[in-house]
Amino acid sequence: MFTFRMFAFPLILFTPLLIYADDGPKLGIPLSPEEIATYDYVVMPDGDGLPKGSGNAIQGKEIYELRCLACHGIEGKKGLNDELNGGHGTITTSLTGKTIGSYWPYATTIFDYIRRAMPYQTPGIFSNDEIYSLTAYLLFINNIIDEDEQINSKSLPKIIMPNQENFVWSYQPK
Amino acid sequence: MKRLKNLPHVAANGLLDRRLFLKTGGMSGFALFTAKVTSQEREKWSLNPGVGMGEYGSPSQYESHIKRSFGSRLGTTGSGASRTPIQHLDGMITPSRLHFERHHSGIPDINPDQHKLIIYGLVDRPLMFTLDALARYPTVSRIQFLECSGNSGTQAILPEPRQGSVSDLHGLISCSEWGGILLSTLLEETGLKKNAKWIIAGGSDSAMMSRSIPIEKALDDAMIALYQNGERIRPSNGYPMRLFLPGWEGNASVKWLTSLKVTSSPAMTKDETSKYSDTLDTGISELFTFPMGVKSLITSPSPGLNLHEKGIYQISGIAWSGVGKIKNVEISTDSGKTWAKSALDQHVLPKALTRFRSAWKWDGSPTTIMSRATDESGEIQPIREVWKVGRAANSYYHYNAIQAWSIDEAGESSNVYV
């Protein structure tokens, strides 16, 4: 009897609170791994999310000159839009000096961003091989890899970007 | 007129008691102009019935000059920013049509019936939500500001102050009543794995803008915002849904939100690494500098809003902090020598714009006016020189230093550093 009271009282007291805390109508539709794969564009610095395929800077140069040069200039310099090359040693003094080669901490970000957003007018038109090739070209013109180096899901995350060690986290997860 | 002579001064150079306007109520009637009625005549708009009702309201034709200014990046039509004309607004709410914009590939035209939000990654149950489904979830609404972390950036980097309106200099700040579903409600339904530490939010604009958000923020006050000032979010603000992270740099509140991938670490996306990272004078750059600091701006008088003659004016402006509530705003009208607290409007809400007002008797001589806000955590706006300590010369995100306006004998304001 004593035991019953000990349990019954808190149960009555807390039941409405439990319902309130768990108050969603639960209308989410389950996703299969195949469905998730069609939506998942996230590429992580460790290479997670990188698709199959490969390319090098020689192939990338051709694509760059056809699709990218108009906005980003010859070899990523002096175009209408962001500089993609150069600026080494200027990142504390010049905004335009912050390029892929002088500033970006992770090479995987290049693949991720091209796949999401480029070319500006018609994103989504590049094949994975073409994106790897463009990534290789941008790394090559910044003197980070050789012209014939194959870039793929294994080699890209292994590249150490020149400015990577100069990044710290302001936010500290608890 | 006797009342004017006896007004209490609270700081040097004519700064009056902050409660002046509350005490005297309709002082504009005698201080600003006196209408002389000579005979019983009707104004022309009183002679005939006006136009009828309309399905959508619009401002007076005489207010048509109150608009956003904007610039697009070369070679693009939709990458750039538009700025809120904050010097022409009052109160704390930014009309939705004047909310600032920052887009990376224009505004997508999203059909809400085809839009989906998916949550996957380190969850127990990967789920997809339609807008019809989300309409049945419990919602909240909160009045909170949104500020681009690049706001006021030219103040940070230009050696000489750029001349322009408050909007030109600081217009990437707005405040709305945001309504929607707390992200924590949806994460409760998906469940979280033990190593869930970050969420990669993705938009469905053509740039598929993405940012990594700490799980602590997602479970705290992050919202899937569906409404802005009572109506569905406008396309320029993320229709049909955006992530809204109160108090944090605007870029992280991903618009046109369509995917949330729960991960154990950040994705290091283009926007959180190559942009929106803060470089120090040592060459070290800080990632994930999320909260927006305490800040205030005198919006009137300000460049373009001139004083016409000596006399009594209201100094009015906005203050905000990404940490919480504004505790106080101090005003100086003598170049920072003496300060007095300004009166805060009734609504002092956390992470929202707070309107301040002071009464000032301008004696017609040149001076410099400025405001200085303190938030509930005790943080006080720095002067520019202090803000720049330790930062690289080109560092311009999160600029929140004190803004001063120099007022000349003609009553014209200009931007000065103090």
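Predicted model: local features only at pLDDT ≥ 70, side-chain atom pairs only at ≥ 80, totals over all residues.

User: How many residues of chain A are in contact with chain B, and what is the area buried between them?

Analyst: Contact means heavy atoms within 4.5 Å. By that rule, 50 residues of chain A are in contact with 63 residues of chain B. Buried area is the accessible area (1.4 Å probe) that two parts lose on being put together, summed over both. Carbon and sulfur atoms give 60% of this area, which comes to about 4,900 Å².

User: Which residues of chain A lose the most area to chain B?

Analyst: Three residues together account for 14% of what the side of chain A buries. They are A:R116, A:Y120 and A:Y171.

User: Which element gives the most to the side of chain A that touches chain B?

Analyst: Across the interface there are 27 residue pairs in polar contact, both residues being at pLDDT 80 or more; a polar contact is a pair of N or O atoms within 3.5 Å, where within protein one must be able to donate a hydrogen and the other to accept it, and residues adjacent in sequence count only if both atoms are side-chain atoms. On the side of chain A, β1 (29-30), α2 (33-39), α5 (108-117) and β4 (167-169) each supply at least two residues; helices (H or I, at least four residues) and strands (E, at least two) are DSSP runs, numbered from the N terminus. With 5 residues, the element that gives the most is α5(A).

User: Is α5(A) largely enclosed or left open, and what do its buried residues pack against?

Analyst: Buried means under 20% relative accessible area, exposed over 50%, and partly exposed in between (1.4 Å probe, protein chains only). Because 10 of the 10 residues of α5(A) are buried, the helix is largely enclosed by the rest of the structure. Its buried residues pack against α6 (128-141) of chain A together with β11 and α9 (270-273) of chain B.

User: Which strands stand at the edges of the open sheet of 6 strands?

Analyst: Two strands pair if DSSP finds at least two bridges between them. The order is β1(A)-β7(B)-β6(B)-β15(B)-β10(B)-β11(B), with mixed pairing; β1(A) meets strand β7 (residues 127-130) of chain B in the antiparallel sense over 2 bridges. One side of each edge strand is left without a neighbour in the sheet, because each has a single partner strand: these are β1 of chain A and β11 (210-214) of chain B.

User: Which residue of chain A meets B:K261 in a salt bridge?

Analyst: A salt bridge is a side-chain nitrogen of Lys or Arg within 4 Å of a carboxyl oxygen of Asp or Glu. The count between chain A and chain B is 3. In one of these, at 3.9 Å from N to O, the side chain of B:K261 meets that of A:D48.

User: Which residue of β17(B) stands opposite A:V168?

Analyst: An open sheet of 3 strands has the order β4(A)-β17(B)-β16(B). Within this sheet, 3 bridges join β4(A) to strand β17 (residues 285-287) of chain B, and the two run parallel. The residue opposite A:V168 is B:E286.

User: How many residues apart are B:D90 and B:R357, whose side chains meet in a salt bridge?

Analyst: The N to O distance in this pair is 3.1 Å. B:D90 is partly exposed, with a relative accessible area of 47%, whereas B:R357 counts as buried at 18%. B:D90 lies in the loop between β4 and β5 (101-103) of chain B and B:R357 in strand β23 (residues 354-362) of chain B, so the pair links distant parts of the chain, 267 residues apart.

Methods. Residues numbered from 1 in each chain as written. Chains lettered and ligands numbered in written order. Heavy atoms only, no water.
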